[in-house]
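Here is a walk through a model, one chain at a time and then across the contact. Keep the structure open beside you as you read.

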Amino acid sequence: MGKRAASKVEQKAPEEFLPLTPAVFHILVALGDGEAHGYAIMQNVLTRTGGTVRLSAGTLYGAVSRLLEGGLITELEERPDPEMDDTRRRYYRLSDMGGRVLAAEIHRLSDLIRAARATKAVQKMRPA
Amino acid sequence: MRGEFLYGALLYLYPKPFRTRFGEEMIRLFRECYPDSRVGRYWLDSLRDFFVSAPREWRREICRPDRAIDYTGLADAIMCFIVVGTLLVGWGMAGASFAINIGVISSDSIFWRQAAASLFMALTLFIGAIVGVLSTWAATRSGRIDTTCSRLITSGRITAR
């Protein structure tokens, strides 16, 4: 991405990216722990969701493509540990903007959960 | 691995820029996740993912604001469509006439003769339309290569000679 495009992305407020799709949200959360390649992201999401969310290649890389374009993640030029890993792998890292968008989405979801919990129906179902 | 080869072939149905950028990684991911058992289920999931993600990538590619249209190529494609379409219609009419004369359609009823002729015509028009749409689409995308290359050069991903 060129400098002009990058500065355009920086000008956008994190809220403009919301709401995130489930795949994008899971990828951002997975990258929240540090840089990772595609397979590691997929495994992270699978473990984190208890095996309920499996990102297939098309969905994963489609979302990665959109995130790269939006400047929410960046591709690492260097490998974290070239001796331990295949150098042909591409690693991705959460950008500052990506972190802000993730935080905004978590805040939005928290508000939704809080509102849902405040409804009578949910309060009735609460264990005593 | 044969599965990997088939999946690689399937990736050709994604837009070229997407395939060029992520194709290798997608094949790698497919290989790494390939199970020892329940292969059918894995393929079913992969195909389902393909049928959802490929149209989405095409839509993104077509709606891209920096999309370039090669108008010369577009004119060529339209000309090609007219020529191919005319030939196909002629071929269809000949085919319909031949089918009726050799008795493929045995009934003497005028209704069946007309139905057979209409079917051949519709079929050839349909094929002609597909050829036309594909060639027109291919031509409108042909200017895209330069755009992608220039963007990669400006971003420093590849070096201009």
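Of the 128 residues in chain A, 31% count as buried, meaning that 20 or more other C-beta atoms, placed from the backbone, lie within 10 Å of the residue's own. This is a predicted model, where local features need pLDDT of at least 70, side-chain atom pairs count only at pLDDT 80 or more, and totals for chains, interfaces and linings use all residues. Residues are numbered from 1 along each chain as its sequence is written, while chains are lettered from A and ligands numbered from 1 in the order in which they are written.

Chain A has six helices and three strands, running α-α-β-α-α-β-β-α-α from the N terminus on. (Helices, H or I with at least four residues, and strands, E with at least two, are DSSP runs numbered from the N terminus.)

Now hop over to chain B, where B:Tyr7 sits in helix α1 (residues 2-10). B:Tyr7 counts as buried because 21 other C-beta atoms lie within 10 Å. Setting aside neighbours within four places in sequence, B:Tyr7 is in contact with B:Ile27, B:Phe30 and B:Ser46; a contact here means C-beta atoms, placed from the backbone, within 7 Å. B:Met26 is 19 residues from B:Tyr7 in sequence, with 9.1 Å from C-alpha to C-alpha.

Finally, look at where the chains meet: 18 residues of chain B and 13 residues of chain A take part in the contact. On the chain B side, α2 (16-33) and α3 (39-62) each supply at least two residues, and α3(B) gives the largest share, nine residues.

Terms used
Two residues are in contact if their C-beta atoms, placed from the backbone, lie within 7 Å. A residue is buried if 20 or more other C-beta atoms lie within 10 Å of its own, exposed if 12 or fewer, and partly exposed in between; C-beta atoms are placed from the backbone.
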